Amino acid sequence: MAYKGIQDFISTLEKQGELKRVSAEVDPHLEISEIYDRVVKAEGPALLFEHPRGAEFPVAINLFGSMKRMALALGVDSIDRLEESMNKIFDLSRYRNPLEAVRSLPDLSRFAAVFPLGSATAPCQAVEEEPDLDKLPVLTCWPGDAGRFLTLPLVITMDPDTGQQNMGMYRMQVFDKTTTGMHWHLHKDGRMLWEKYRMRGEKMPVSVALGCDPSIIYSATAPLPSGIDELAFAGFLRRLPVTTTKCRSNDIRVPSGAEFILEGYVDPAEPLRTEGPFGDHTGYYSLADQYPVFHLERMTRRKHPVYPATVVGKPPMEDCFIGKATERLFLPLIKLQLPEIVDISFPFEGVFHGCVIVSIKKRYPGHAGKVMNALWGMGQMMYTKMIVVVDEDVKPDDYSTVAWKVFNNIDASRDLVLSKGPLDALDHSSPLPHYGTRLGIDATKTLPEEGHDRLWPDEITMSEDIRALVNQRWKEYGI
């Protein structure tokens, strides 16, 4: 299902009993954050605060804060359907004979939707405001934050060499009415493009979209390979091209259905400015550091817009469910390169890069180590601090069984792998910024060829005939 915009999605959630309107006045300074934190951890509904103090625009939050809402956001009835859909497309065996190829055409037709469409007029440009960020109900999320932060901005930039656009989600600390921080990390595409403009001695045009079709919001967070257009990926997800319109002060094209558009620039020649601290998705405050400054020059909006926001912090939070969508959506792509992988799980407590659990069909000595190193070599998987590998009969999201396997199966000198490499900029535990040591844990059954000559015991299981007997005799007792 393709939504016309975020308000269309809000309407759908309300019809399904997944959204609650709050008519009482509420303060964007900490109060909304505390309400949200309690609601998301209680698996409560999305919230629409109709009267945020000091602003005329409602605040929508927790739109993605459950598996059901995340599935609705991406137009499926279950997050698992994302994996099924991708498996159909990337199952190469389906294209080996003409009949199967013809049957696959409906699935392949969604590729026709990837190319964004142009539009001369757009709802996001219905009203032009005087550039003033104080008009927005920007949240102060946590007591130790350096100030107010835009937390769901879709930051759109353009490669000065190729003209190709990039869209990413980078928090933006509001410094004053027309300037913010631009928190793009060392490894991010936005930072790479900033370096290009710096080398050319040119200002970098930047446009920020606030509030879009949820597929577009999700695409800004997706770990896509460099060079893949996020708006094209959003079109693929929603099975309908994204309609875009040209900004009024630069050549960047933005989603026509956005609620707000902030047009401006970042000057690479300008001194960096202290940004942060910020209560981050790690559950800790990310420390203050030096980042570029975004200058707001133009501000347009819908006639009656809604301001989108989220809050990150100790899990589970809304971003955990976004991460689960990524887990399911990108698993088939990982399997294309590593077909021995059966399943994968990113525990909420690992906040994406802290831990991943992988089950594999183990076939030879050192197989688990091969998988670890291959994963560390895949895009943003390089940040993963801990990779746990288990056998194919273990479900990676069965954390109790995974813990049992790890606690009982490993020998520290044999099964722990230390790998030095890049780490996420938000990692506070590494001795150096952006670089540290990652841990691999091989919790698979150890083979004799891996140096274990002792007999490996069988797991305790009941015989099938006794299980069947108990199922039949004691069914009425609920056993």
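## A tour in selections

Start by selecting Glu25 and Arg53, whose side chains meet in a salt bridge with N and O 3.1 Å apart; a salt bridge here is a side-chain nitrogen of Lys or Arg within 4 Å of a carboxyl oxygen of Asp or Glu. Because Glu25 belongs to strand β1 and Arg53 to the loop between β2 (46-52) and β3 (59-61), the pair ties together parts that are 28 residues apart in sequence. Helices (H or I, at least four residues) and strands (E, at least two) are DSSP runs, numbered from the N terminus.

This is a predicted model, in which local features need pLDDT of at least 70 and side-chain atom pairs count only at pLDDT 80 or more, while totals for chains, interfaces and linings use all residues. Residues are numbered from 1 along each chain as its sequence is written, and side-chain values use heavy atoms, with hydrogens and water left out.

Stay on Arg53: with a relative accessibility of 42%, this residue counts as partly exposed. Buried means under 20% relative accessible area, exposed over 50%, and partly exposed in between (1.4 Å probe, protein chains only).

The structure holds 37 salt bridges. Select Lys68 and Glu18 next; the closest N and O atoms of this salt bridge are 3.6 Å apart. Lys68 sits in helix α3 (residues 67-73) and Glu18 in the loop between α1 (6-15) and β1 (19-26), so the two tie together parts that are 50 residues apart in sequence. Which of the two is buried and which is partly exposed? Lys68 is partly exposed, at a relative accessible area of 41%, and Glu18 is buried, at 14%.

Then go to Lys405 and Glu459, a salt bridge with 2.1 Å from N to O. This pair links distant parts of the chain, with Lys405 in helix α12 (residues 399-409) and Glu459 in the loop between β25 (435-442) and α14 (464-473), 54 residues apart. Lys405 is buried, with 10% relative accessible area, whereas Glu459 is partly exposed at 40%.

To see a network, select Glu83, Lys324, Glu327, Arg328, Lys335 and Asp343, which salt bridges link to one another.

**Helix α10**

Select residues 318-337. This is helix α10, with 20 residues and a reach of 30 Å from first C-alpha to last, close to the 28 Å expected at 1.5 Å a residue; the expected span is 1.5 Å times one less than the number of residues. Where does α10 bend? The bend, about 40°, is at Phe330, and the proline Pro332 follows within four residues. A bend at a residue is the angle between axes fitted to the seven residues ending there and the seven starting there.

**Backbone details**

In the loop between β20 (307-308) and α10, pick Pro316. A cis peptide bond, with omega about 5°, joins Pro315 to Pro316. Another cis bond joins Gly276 and Pro277, also with omega about 5°; Pro277 is in the loop between β15 (273-275) and β16 (278-279).

Move to Arg239, which is not a glycine but has a positive phi of about 60°. Arg239 is in the loop between α9 (230-238) and β12 (243-246), and is partly exposed at 41% relative accessibility. Val351 likewise has a positive phi, about 40°, without being a glycine. Look for Val351 in the loop between β21 (341-345) and β22 (356-360); the residue is buried, with 15% relative accessible area.

**A sheet of three strands**

Select β4, β12 and β13, which form an open sheet in the order β4-β12-β13 with mixed pairing. Because β4 (117-118) and β13 (253-255) stand at the edges with a single partner strand each, one side of each is left without a neighbour in the sheet. Two strands pair if DSSP finds at least two bridges between them. Between β4 and β12 there are 2 bridges, in the parallel sense, and Gly118 has Thr244 of β12 as its bridge partner.

**The cores**

End with the nonpolar cores, each a set of buried Ala, Val, Leu, Ile, Met, Phe, Trp, Tyr and Cys residues joined through side-chain atoms within 4.5 Å. The largest has 94 residues, and Leu63, Met70 and Tyr218 have the most contacts inside it. Helix α9 gives the most to this core, with 6 residues. A second, separate core of 18 residues includes Ile344, Met378, Ile387 and Val389.

Not counting residues up to four places away in sequence, Leu63 touches Ile6, Phe9, Ile10, Leu13, Leu19, Ala46, Arg69 and Glu318.

Definitions and conventions: Contact = heavy atoms within 4.5 Å.
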